[in-house]
Amino acid sequence: MLLDHLKREWKRYAMLLAGAAILTFGLYNVHSRCSITEGGVLGMTLLVQHWLGISPAITEVVLDVICYALGVKYLGKDFLRCALCATGGFALTYALWEAIGPLLPSMADQPLLAAVVGALFVGVGVGLVVRAGGASGGDDALALVIAKQFRWPVDRAYLFTDVVVLTLSLSYIPWQKIACSLVTVTISSFLIGKIHGMKRKEPSINAAN
């Protein structure tokens, strides 16, 4: 029993780290180089910075702490353990991609292509993280809490939070950029929902016997 538990936990944390690595690969190689606007917590920090002049270094921490606190309250303490692992993996793998340098050709002159490609990395990466029970940031924690409290599918909760922030961002960002970001969050939300909802394989009765 202990060995089985350790195997399950190893697979869980491996999934968390793999998801974080895929996510940060896309954010570094696509999003950051093509200036794809973000929704969720990151988008909100940029909105607050523009209108109130408060640095994202402050608002990111404050919003993440609030979202994680909600996650612990509504999702349990086990969520916090997995979330901290995923967040640590996010920081480490993003630093790794920065040290290696760009591995994909720039798509800055093809914003729609960048939006789609970026969405694939974000959707798969975040999907694996939340499937393993964690969160790579406050965005994930907030979406999971909303999904549980309102009994929504996870993809709807992600899309809701992103669309709200992107709509508010129209107050200072050209609609063309917002349109590409809407493509990104729509595709990524769909993938997150699909991966999160995939049925886990259960051991067969014959195998158990």
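The buried residues of helix α7 pack against α2 (40-52), α5 (111-131), α6 (138-150) and α8 (175-196), where contact denotes heavy atoms within 4.5 Å and buried denotes under 20% relative accessible area, with exposed over 50% and partly exposed in between (1.4 Å probe, protein chains only). The model is predicted, so that local features need pLDDT of at least 70 and side-chain atom pairs count only at pLDDT 80 or more, whereas totals for chains, interfaces and linings use all residues. Residues are numbered from 1 along each chain as its sequence is written, and side-chain values use heavy atoms, with hydrogens and water left out.

Helices are DSSP runs (H or I, at least four residues), numbered from the N terminus. Helix α7 comprises 16 residues (154-169) and spans 23 Å from its first C-alpha to its last, close to the 22 Å expected at 1.5 Å a residue; the expected span is 1.5 Å times one less than the number of residues. Its buried residues are V154, A157, Y158, T161, D162, V165, L166 and S169. They lie on the same side of α7, because they cover an arc of only 155° around the axis, the arc being that of the directions from the helix axis to the C-beta atoms. In general, an α-helix has 3.6 residues a turn, so residues three or four places apart point the same way.

Within helix α8, S189 counts as buried because its relative accessibility is 2%. Residues up to four places away in sequence aside, S189 touches D155, Y158, L159 and D162.

T93, located in helix α4 (residues 77-100), is likewise classed as buried, at 14% relative accessibility. Its side chain makes a polar contact with the side chain of T24 at 2.9 Å. Such a contact is a pair of N or O atoms within 3.5 Å; within protein, one must be able to donate a hydrogen and the other to accept it, and residues adjacent in sequence count only if both atoms are side-chain atoms. With residues up to four places away in sequence not counted, T93 touches A20, A21 and T24.

Aromatic pairs were assigned to rings of Phe, Tyr and Trp (its six-membered ring) with centres within 6.5 Å; planes under 30 degrees apart count as stacked, over 60 as edge-to-face and the rest as tilted. The count by this rule is seven aromatic pairs. F25 and W97 form an edge-to-face pair, with 5.1 Å centre to centre and 85° between the planes. This pair links distant parts of the chain, F25 in helix α1 (residues 2-34) and W97 in helix α4, 72 residues apart. F25, W97 and F121 form one aromatic cluster.

How values were computed:
Helix = DSSP H or I, 4+ residues; strand = E, 2+ residues; numbered from the N terminus.
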